[in-house]
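Please examine the sequence and the structure shown below.

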Amino acid sequence: MLRLIRLFVLMCAALSGIASAASFPVSRINFESGKAELTLEAMSTLSSLAVYLAQTPSAEVSMFSYAADNGSDSLNLAQLRAASIRNSLSAAGIKEPRVNLVVNAMEAGGSGADQVELSAAPAASAPDTAAATPALPDPETLSAPGTVNKERINTGDTAWMLCATALVLLMTIPGLALFYAGMVRKKNVLATMMQSLAITCLVTVLWWACGYSLSFTPGSGPYLGGYTRVMMDGLVFIKDAGRLSVSHLAPNIPESVYAMYQLTFAIITPALICGAFAERMKFSAMLWFMLLWSVLVYAPVAHWMWEPSGWLATMGMLDFAGGTVVHVNAGIAALACVIVMGPRLGYGRESMAPHNLGLTITGAALLWVGWFGFNAGSAVAADGRAGMAMLATQLATASAALSWMLVEWILNRKPTVLGMATGAVAGLVTITPASGFVDPTAALIIGALGSVACCLASTKLKRMFGYDDSLDVFGVHCIGGAVGAVLTGVFADKQIGGVEGSLQVQLLGVGATLVYSFVVSWVILKLIDLIMGLRVDQGDEQVGLDVAQHGEQVL
């Protein structure tokens, strides 16, 4: 019966000449509340549209629907309605209907919730020919970066990711630069800040050259990405054609935004390592180490974890925002630096008190705020999961700062500014892998446990083994990242993240990263030391790196 109705309406539409119009007029299709089945009125409209599409092969359909911004059920309903419309056009003889769906966010219960607006017109870039334009790939089926119509981009998500990218970059310059600069001696303040600035520039160019491609494109195996985005070839925005490239990992935003967002992670990871060898490494040796480390260590580990074909990803390891990729990775590399280079002159015999804790607390505050882009931004959407990740980050950080303060108070009879600032960073590190998988209560627990573990590692463990981790990179980032990764396997909530955690898989992933990063870092350091030397000479170290390496000083 329905087929007869469709055929009858189709014939009437053809006789009335609707399809001869230059464009199909904007039409509204009404659905029953909470349902995706087409009404008779909707079938009539779609039959007219089918006639237009049959006679205008280059035409594309724009379909605007609405979804409440408080959950996924409304979005699923919008997608089901779009599928009903596509199926109806297919049944009317339109092969592979050229339909672009745009879902607009709205408040629950708002007007338009049960309407879909349709319009159609020849594609701007299509040639005037009867041959149908080839269908563009559906972002949901992409297995590698590809090109889509601009209508597929979610502008709300894109706006949030632009902000998140700026927040994460803020974590390195000036956040980390200030945090580290305040903890070194006055004669090394500028050299310490220079390291963060130089790494930002170096890794940016390296990311364009090969870093992004090796990290976030499918490769020939599960250990390293491919070469399809070397020098960012294929990352495009074609204004006149209305097309742009997207990553298969974030098809809702432009690939340029996603690549830039991931670049900020690639920048801060090696910058973290600098705190371990502060006040004693040659600037030239540092640049060579960071260049090689970014390609040989960071890119492979990022691919293992965050590219769907990576071996840790296929095993189901959870790392929402970089607990393993960033913090365990950087922290264990920092330990390799400490072991290879040895302690600073006078370590354990003379005072090496922080120069300016005002800089450190300012840097810690910038890190805290920027970390919302780090964790909430890793949802790659302006949605409920991003909100949960942001809340988890705030709760864990506050819990961690208070826990470190309490431990110091008990052990040393006085809470310190440096201790509380370091505790806050420890909480940020620990919650990073879990932020998009756990509820608020679990976030509080993870922050507290991670902070206590980092405090003990940065004091008791450090004194026990006698290594000179200048600014406690291993104690905070490696230990905190590892604790957070393991606890993610314990506390992951399927209702939030859609997946269940596995303690065994988390332990395997952390262990593999520890071994790989330490061994490769050690080899790189040894090679650089053999070729050009890692450390400044004793005279330069005593004078300070500001004057010895850069010819400048803080007055």
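Is Glu350 buried, partly exposed or exposed? The model before the reader is a predicted one, in which local features need pLDDT of at least 70 and side-chain atom pairs count only at pLDDT 80 or more, while totals for chains, interfaces and linings use all residues. Residues are numbered from 1 along each chain as its sequence is written, and side-chain values use heavy atoms, with hydrogens and water left out.

The question is settled by relative accessible area: buried means under 20%, exposed over 50%, and partly exposed in between, computed with a 1.4 Å probe on protein chains only. Glu350 has a relative accessibility of 45% and therefore counts as partly exposed. Arg185, by contrast, is buried, at 13%.

These two residues form a pair. Side chains of opposite charge can pair when their charged atoms come close. A salt bridge is defined here as a side-chain nitrogen of Lys or Arg within 4 Å of a carboxyl oxygen of Asp or Glu. Arg185 and Glu350 meet in such a bridge, with 3.6 Å from N to O. Arg185 lies in the loop between α4 (155–181) and α5 (189–216), and Glu350 in the loop between α9 (323–341) and α10 (357–375), so the pair ties together parts that are 165 residues apart in sequence. The helices named here are DSSP runs (H or I, at least four residues), numbered from the N terminus. By the salt-bridge rule, the count comes to eight.

Attention now turns to Arg344, which is buried, with a relative accessible area of 8%. Its side chain forms a salt bridge with Glu279 at 2.7 Å, N to O. Arg344 is in the loop between α9 and α10, whereas Glu279 is in the loop between α6 (255–273) and α7 (283–306), so this pair ties together parts 65 residues apart in sequence. Glu279 is likewise buried, at 2%.

Arg344 also meets Asp468 in a salt bridge of 2.9 Å, N to O. Because Asp468 lies in the loop between α13 (440–465) and α14 (473–491), the pair ties together parts 124 residues apart in sequence. Both Arg344 and Asp468 are buried. Salt bridges that share partners join Arg185, Glu279, Arg280, Arg344, Glu350 and Asp468 into one network.

Finally, consider α9 itself. Of its 19 residues, 18 are buried, so α9 is largely enclosed by the rest of the structure. Just after α9, Gly342 takes a positive phi of about 80°.

Notes
Helices (H or I, at least four residues) and strands (E, at least two) are DSSP runs, numbered from the N terminus.
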